[in-house]
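Here is a short briefing on one protein chain. Keep the structure in view while you read.

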Amino acid sequence: MLSLLAAGSVFFPGLFLVSKQSFKHLMGWSDGEAASVSARLVSSIQAVMASTAGFIIASSCKDVMEDRHWLTDGYILFATPYFAYDIYAMFLCYRHKLQVKGHEEAEPAGRWMSAAAWGYLRREVLMVLHHLFMVAGCFPAAVFWRQGKGDYFQGVLFLAELSTPCVCLGKVLIQFNKQHTLLHKVNGALMLLTFFTCRVMLFPYLYYAYGRYASMPVYQVPLVAPWQCNLGASFLMALQVYWFGLICRGAFRLFTRARRSRTSSKTDSDAGRLPSANGYSPHQPDGQTDAQTSHAHPGPTVILQLQLNS
């Protein structure tokens with residue numbers, strides 16, 4: 001047990017440091033840029049590992065309660081340190097955003113770091129609580145309290161990480177101002193699909209799977225399940241529904257903004273072919289360039305996606 005915990009404690013921070021230094025030397029990125037991309041790379045790698053382990057476990061367990069697989073406890077022990085590491089990695093990403101905006105220059109170094117830490121905790125309180133709950137609640141429940149039962153359900157829970165690579169890729173594209181590319185749009189659609197399927201619908205499926213195993217209607221399952229399971233599932237599902245709502249709202253705003261932009265472009269094009277009644281151009285005020293116009297209304301979905309992590 002301790003060896004797997006130690007291995008995870010070394011692997012994830014070590015992978016972050018190696019990738020960060022590699023990006024700085026090979027790509028010529030700044031420390032903040034390299035840290036942000038490295039944090040998302042590590043999250044994506046952890047997500048691929050967790051999803052692979054979940055698929056192997058779930059497909060190997062025919063009896064959803066009694067069948068065991070050695071990978072279940074093994075990966076739980078190995079991956080638990082990731083959630084503690086990721087709290088710090090997310091803080092580095094948040095601090096980099098403040099540095100880009102010039103907040104660091106406004107205050108002394110020590111006071112700025114303290115303000116950044118409090119600002120990070122206020123902004124990412126739900127994500128930090130989620131990670132702390134994974135370490136303090138889900139870890140002992142999965143390793144000790146379930147007493148070796150329900151490896152199938154644990155494997156299905158691992159599959160929730162399938163959406164994480166899409167979330168991380170979206171953040172990287174936004175970081176490098178690629179949010180208007182086709183890749184960003186395709187990735188956004190995949191993120192919506194995987195997040196809804198693997199996170200929002202995950203917990204209803206778990207109750208359905210147990211109801212089918214116990215030959216009872218799904219609405220009766222919460223009545224026979226331990227209260228700890230119901231409480232944990234309710235907390236985690238509430239977070240997923242909230243985050244999915246933010247994603248949908250951002251996607252809707254991006255869609256409506258793009259549609260208005262196309263309509264405006266068509267209107268300007270039509271106006272350009274007709275003489276103006278007063279002799280002035282209807283397109284822009286004097287001295288305003290196309291570049292200034294395009295930056296007057298930045299993409300709205302990017303801020304909402306930054307609230308998401310693996």
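Where is the kink in H3 centred? The kink in H3 is centred on Tyr85, and its angle is about 30°. The bend at a residue is the angle between two fitted axes, one for the seven residues ending there and one for the seven starting there.

This is a predicted model: local features need pLDDT of at least 70, side-chain atom pairs count only at pLDDT 80 or more, and totals for chains, interfaces and linings use all residues. Residues are numbered from 1 along each chain as its sequence is written, and side-chain values use heavy atoms, with hydrogens and water left out.

**The whole chain**

- The protein chain has 13 helices and zero strands. Both are DSSP runs numbered from the N terminus: helices are H or I with at least four residues, strands are E with at least two.
- The pattern along the sequence is α-α-α-α-α-α-α-α-α-α-α-α-α.
- Of the 310 residues in the protein chain, 42% are buried. Buried means under 20% relative accessible area, exposed means over 50%, and partly exposed lies in between (1.4 Å probe, protein chains only).
- Take the contacts between residues at least 6 apart in sequence: 78% of them join residues at least 24 apart. A contact means heavy atoms within 4.5 Å.

- Helix H3 covers residues 70-100. Its 31 residues should span 45 Å at 1.5 Å a residue, and the end C-alpha atoms are 46 Å apart, which agrees. The expected span is 1.5 Å times one less than the number of residues.
- H3 is mostly covered, with 23 of its 31 residues buried.
- Ser9 sits in helix H1 (residues 2-26). Ser9 is partly exposed because its relative accessible area is 40%.
- Ser9 and Tyr85 are 76 residues apart in sequence, yet 7.9 Å apart in space, C-alpha to C-alpha.

- H8 has 19 residues, which should span 27 Å at 1.5 Å a residue. The end C-alpha atoms of H8 are 26 Å apart, which agrees.
- The buried residues of H8 include His184, Met191, Phe195 and Arg199.
- The axes of helix H8 (residues 182-200) and helix H9 (residues 202-214) come within 5 Å and cross at roughly 40°. So H8 is oblique to H9. Thr197, Cys198, Arg199 and Val200 of H8 make the contact with Leu202, Phe203 and Pro204 of H9. These contact residues divide into five nonpolar, one polar and one charged.
- Axes are lines fitted to C-alpha atoms, for helices over the stretch in contact, with angles from 0 to 180 degrees between N-to-C directions. Under 35 degrees is roughly parallel, over 145 roughly antiparallel, 65 to 115 roughly perpendicular, and the rest oblique.
- Nonpolar covers Ala, Val, Leu, Ile, Met, Phe, Trp, Tyr, Cys and Pro; charged covers Asp, Glu, Lys and Arg; the others, Gly among them, are polar.

**A buried glutamine**

- Gln240 is in helix H11 (residues 227-273). Why does Gln240 count as buried? Its relative accessibility is 4%.
- Beyond its neighbours within four places in sequence, Gln240 is in contact with His130, Phe195, Arg199, Val200 and Phe203.

**Two loop residues with positive phi**

- Gln147 is in the loop between helix H5 (125-145) and helix H6 (151-158). Gln147 is not a glycine, but its phi is positive, near 55°. Gln147 is exposed, at 67% relative accessible area.
- Asn177 lies in the loop between helix H7 (164-175) and H8. Asn177 has a positive phi of about 60° without being a glycine. Asn177 is exposed, at 60% relative accessibility.
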